Amino acid sequence: MWFLLFIQIIFSVSDNVYKMQWKDAEEQSWLVKMFDQSGGGNPYNINVFTQQIGGGLRQVRFFFSNIPASATDTTIGYSSDNGATWTDASAGLASPATITVPDGIEYVYRFIVNYADPLLDETFLIEELGVTEYLTPTGHPLDIFVVNNDPDKFQTIKAKQAVLRFHSNRSINLATFRKGEKWDDRFYVEIYKNSRIVMKGYPILDDMSEPFLDKRNEVNITMTDRLGTLKERELKDFDGTVPMNEKRLATIVAMALGKTGMNLPINVVSNLREEHCFRIGNCTFYAATSRITISDTNADGFFIAGHSYRFSGSAANNTNYLVTAVNTPFSWLTELIVSTPVVDEVNANCTIEDLTNAGN
């Protein structure tokens, strides 16, 4: 008798989800979800983040790491009928992988590590809801406030906190949210108003409280977006090392915000810019192809398609150019395709200024 061996590893991002729902005095609908992230069996550090993107759609991003070198692909999928049927898509081996699903439906997701031999495929089931338990809100269940209310526009950190209040019962109380070895990051919280998310974060365990009484008590949990903790954290690269060489300002911001433990969009509104942002390189101009090559070993990240640059120091090409494409055939050579004509010229030692964002 032959036996077919199929390896399946089941991983639940959230063993339990605690929900609290209510309407305020203005008939606005509120929902709090607290995800218990203590589930085991996650060797590839899989995390799933969802975000409403409008048009009745939701974006789902899968973050992962440590995929074996022998893997050939990954597959991500979703099911609205608890796994009876699946919609799958090839996701490649680079994190993150993204799919778009209809909003307003609670899904089960799966992440599959594919190998040349399908019998070795590893399947991880990610239950968005897991086991759902409902919390009973108090008469005043939520406060959201900014920690630093200084009106100074140059204040660098405006952290946000929320206080959640619910009634305990025999199975859910303060101890529920303080148990386990990984309790600092164990619970991840999302707060929604009229189905639109208004805050994400983690509880501050030192700020939890519950009266020591034998009847139903009010449990207070303070959560934060962790912005206020960044000033005490050492800046590290995405791989955990100290940043070296030149980095774009946006990259530095992403490194810093990554320490909050949340993968969120970065919205930038700023009219503060460096006065100058220059590179100096040996340039060759090709009239037939509207192409400029720059020899500069430290130009990584400086040249960006869609940006305008001012060239000076050449004999015939001192003007502004809009870059339509950037190629890097060698680490020491950058090739720009520009939208305006150039004049043939070789070995021009040029100063180049980024006019689009002046270095930001």
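Analyst: The questions and answers below set computed values against the definitions behind them.

The model is predicted, so local features need pLDDT of at least 70 and side-chain atom pairs count only at pLDDT 80 or more, while totals for chains, interfaces and linings use all residues. Residues are numbered from 1 along each chain as its sequence is written, and side-chain values use heavy atoms, with hydrogens and water left out.

User: Why is E122 called buried?

Analyst: Buried means under 20% relative accessible area, exposed means over 50%, and partly exposed lies in between (1.4 Å probe, protein chains only). E122 has 11% relative accessibility, so it counts as buried. The residue lies in strand β9 (residues 122-127); strands (E, at least two residues) are DSSP runs, numbered from the N terminus. E122 is 5.5 Å from I112, C-alpha to C-alpha, at a separation of 10 residues in sequence.

User: What makes strand β13 largely enclosed by the rest of the structure?

Analyst: Strand β13 covers residues 187-193, and six of its seven residues are buried, so the rest of the structure largely encloses it.

User: How do you know that β13 pairs with strand β2 and with strand β14?

Analyst: Two strands pair if DSSP finds at least two bridges between them. Strand β2 (residues 29-36) and β13 share seven bridges in the antiparallel sense, with I191 of β13 as the bridge partner of V32. Between β13 and β14 (residues 196-203) there are five bridges, also antiparallel, and Y192 has I197 of β14 as its partner. β13 and β14 form a hairpin with two residues between them, and N194 in the turn has a positive phi of about 50°.

User: Why are β3 and β7 called edge strands?

Analyst: Three strands form an open antiparallel sheet in the order β3-β4-β7. The edge strands β3 and β7 (97-102) each pair on one side only. β4 and β7 are joined by six antiparallel bridges; among them, Q59 has T100 of β7 as its partner.

User: What makes D143 and R165 a salt bridge?

Analyst: A salt bridge is a side-chain nitrogen of Lys or Arg within 4 Å of a carboxyl oxygen of Asp or Glu. The closest N and O atoms of D143 and R165 are 2.8 Å apart, so the pair meets the 4 Å limit. The pair links distant parts of the chain, with D143 in strand β11 (residues 136-146) and R165 in strand β12 (residues 160-167), 22 residues apart. D143 is partly exposed, with a relative accessible area of 26%, whereas R165 is buried at 15%.

User: How many salt bridges does this rule give?

Analyst: The count comes to 10 salt bridges. One of them joins R291 and E335, whose closest N and O atoms are 3.0 Å apart. This pair also links distant parts of the chain: R291 is in strand β17 and E335 in strand β20 (residues 333-338), 44 residues apart. E335 is buried, as its relative accessible area is 17%. Salt bridges that share partners also join E246, R279 and D296 into one network.

Conventions
Helices (H or I, at least four residues) and strands (E, at least two) are DSSP runs, numbered from the N terminus.
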